[in-house]
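Hi,

Here is the structure I promised to pass on.

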Amino acid sequence: MTDQPAMDEFTYLSVLIGLILGLGITQLMEGFGRLLQLRDRIIWYWPGKVWGFVLLIFHIQAWWAMYELRHIPHWTFPSFIVVLVQPVLLFLLSALALPDARDEDAMDLRAAFMSHAPFTFIVASLMVLSSLAKEYWLYHRLPHGQNLLFHGLFFTLFVTGALLPYERCYRLVI
């Protein structure tokens, strides 16, 4: 028997992170699949489709960024919770992104998007804040350079979408 653990802390914790991100990606891919299956019954609206694609990119970027966390030698439960907030919020955004049309005769993507838009952009704003909080909690600093610039840009866009519930504003945000 060796003194080395069979698995380091991050490898163990990353399973749950990956599971939550994977569920969000699954939610989006199922939504896109439904759109393809029901394409004859859909009233199309481009911002909804683009938002789904943006969320897919956000999931992949979050997965990519989480790999950097492997360098943290010791994990506490509060640190892990701070890290989990962002994938959970991404999953919730995925659940709102594309409508579930199994029981509908026709699916209006505009109506579905507009019904969730203000809440969606509140959750998206919280997701950006959770990313900043994670960086500060784990590294005792905010992101710098382009990373901070993108956080600021997305936060500004999402807060704008949350505070100005107008279709023209949503098109700008997306």
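**What I found**

F154 is partly exposed, with a relative accessible area of 26%; buried means under 20%, exposed over 50%, and partly exposed in between (1.4 Å probe, protein chains only). F158 counts as buried, because its relative accessibility is 2%.

Before I go on, a word on the source: this is a predicted model, where local features need pLDDT of at least 70 and side-chain atom pairs count only at pLDDT 80 or more, while totals for chains, interfaces and linings use all residues. Residues are numbered from 1 along each chain as its sequence is written, and side-chain values use heavy atoms, with hydrogens and water left out.

For ring pairs, the centres of Phe, Tyr or Trp rings (for Trp, the six-membered one) lie within 6.5 Å; planes under 30 degrees apart are stacked, over 60 edge-to-face, and the rest tilted. That rule gives nine aromatic pairs, and ring pairs join F154 and F158 with W51, F58, F121 and F150 in a cluster.

W51 is worth a click too. Leaving out neighbours within four places in sequence, its contacts (heavy atoms within 4.5 Å) are L93, A97, F113, T120, F121, A124, F158 and I174.

W51, F121 and F158 turn up again in the largest nonpolar core, which has 42 residues; they are among the members that touch the most others. Such a core is a set of buried Ala, Val, Leu, Ile, Met, Phe, Trp, Tyr and Cys residues joined through side-chain atoms within 4.5 Å. Helix 4 (109–139) gives the most to this core, with nine residues.

At the other end of the chain, take L21 in helix 1 (residues 9–37). L21 counts as buried because its relative accessibility is 0%. Beyond four places in sequence, L21 touches H59, A62, W63, P87 and L90. L21 and W63 are 42 residues apart in sequence, yet 7.2 Å apart in space, C-alpha to C-alpha.

As for the whole chain, there are six helices and two strands, taken from DSSP runs numbered from the N terminus (helices H or I, at least four residues; strands E, at least two). Buried residues make up 40% of the 174 in the chain.

Cheers
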